[in-house]
Amino acid sequence: MQPNDPQVRWLKEPELGWTGKVYLPLFVEGMRTTLRHLVGPKLTVQSPEERHEIPEPLIYRGVHRLNRDEQGRVKCVACFLCATICPAHCIDIVAAPSPWPDRDKYPESFTIDELRCIYCGMCEEACPVQAIELTTLYDLTGKSREEMIFDKEKLLSVYDQTKDAEPIFQSWPLPAVSAEQENAQKK
Ligand code: SF4
Ligand code: SF4
């Protein structure tokens, strides 16, 4: 396409009026924002003395946990879906034949490098049995890199620590299907 093509529409930069030239509207807008924050609700908390209240714990993506089933066993069935989908390649699983009759495999070892993780939440989305979840724990500290690689026991202990406040998420409620919709699906 040439610059003189009739289909090309040239736009001119709008000319500034005198208020624009003295930056008055921008100055007033800036002052309005400052005053709004001065009198508005304060978002800062005095951490660590004060805890930040997570407004929506279900969708918060903090430290991971490995969930236990009703018998206290690790829920994970070592399917590797979380490790496969993880964009940061920070999940490492060693699978072994399960000692229990209700599944083929279980994770003999399960580690997450919490320093490599980008807390995207894709591992919990991918898990078919709700075995891995991200909690609302956000103050994650350690004295060495090795300490920040959470093994199976540590991940299970995060579950023990958080299970009362954050029960295992089952599933989103499915919308009710009407009799007409059900009949239409059968056709
Ligand atoms: S939250 Fe994302 S980056 Fe972290 S372990 Fe899960 S999938 Fe990987
Ligand atoms: S997706 Fe779930 S069941 Fe599969 S390996 Fe990961 S935590 Fe275990």
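These notebook entries record what I looked up in the structure above.

**Entry 1. Model and numbering.** I worked from a predicted model, in which local features need pLDDT of at least 70, side-chain atom pairs count only at pLDDT 80 or more, and totals for chains, interfaces and linings use all residues. Residues are numbered from 1 along each chain as its sequence is written, while chains are lettered from A and ligands numbered from 1 in the order in which they are written.

**Entry 2. The sheet.** I took helices (H or I, at least four residues) and strands (E, at least two) as DSSP runs, numbered from the N terminus. I called two strands paired if DSSP finds at least two bridges between them. Three strands form an open sheet in the order β2-β3-β5, with antiparallel pairing. β2 and β5 stand at its edges with a single partner strand each, so one side of each has no neighbour in the sheet.

I then went through the bridges. Seven of them link β2 (residues 91–97) to β3 in the antiparallel sense. Ile 91 has Ile 112 of β3 as its bridge partner, and Pro 97 stands opposite Lys 105 in β3. β3 and β5 also run antiparallel, joined by two bridges; there, Asp 113 has Ile 149 in β5 as its bridge partner.

**Entry 3. Helix α5.** For burial I counted C-beta atoms, placed from the backbone: a residue is buried if 20 or more others lie within 10 Å of its own, exposed if 12 or fewer, and partly exposed in between. Which residues of α5 (residues 152–162) are buried? I found Leu 155, Leu 156 and Tyr 159. Seen down the axis of α5, these buried residues fall within an arc of 100° (taken from the directions from the helix axis to the C-beta atoms), so they line one face of the helix. Glu 153 and Asp 160, on the other side of α5, are exposed. I noted the general rule that an α-helix has 3.6 residues a turn, so residues three or four places apart point the same way.

I next asked what the buried residues of α5 pack against. They pack against β1 (64–66), β3 (105–113) and β5 (149–150), where contact requires C-beta atoms, placed from the backbone, within 7 Å.

**Entry 4. Helix α2.** The 16 residues of α2 reach 23 Å from first C-alpha to last, close to the 22 Å expected at 1.5 Å a residue; the expected span is 1.5 Å times one less than the number of residues. The number of buried residues in α2 is zero, so the helix lies largely in the open.

**Entry 5. Backbone in the loops.** I found a cis peptide bond from Ser 47 to Pro 48, with omega near 5°. Pro 48 belongs to the loop between α2 (24–39) and β1.

Tyr 23 has a positive phi, near 60°, although it is not glycine. Tyr 23 sits in the loop between α1 (18–21) and α2, and counts as exposed with 12 C-beta neighbours inside 10 Å. Phi of Tyr 119, also not glycine, is positive as well, near 55°. Tyr 119 lies in the loop between β3 and α4 (122–126) and is partly exposed, with 16 other C-beta atoms within 10 Å.

How values were computed:
Contact = placed C-beta atoms within 7 Å.
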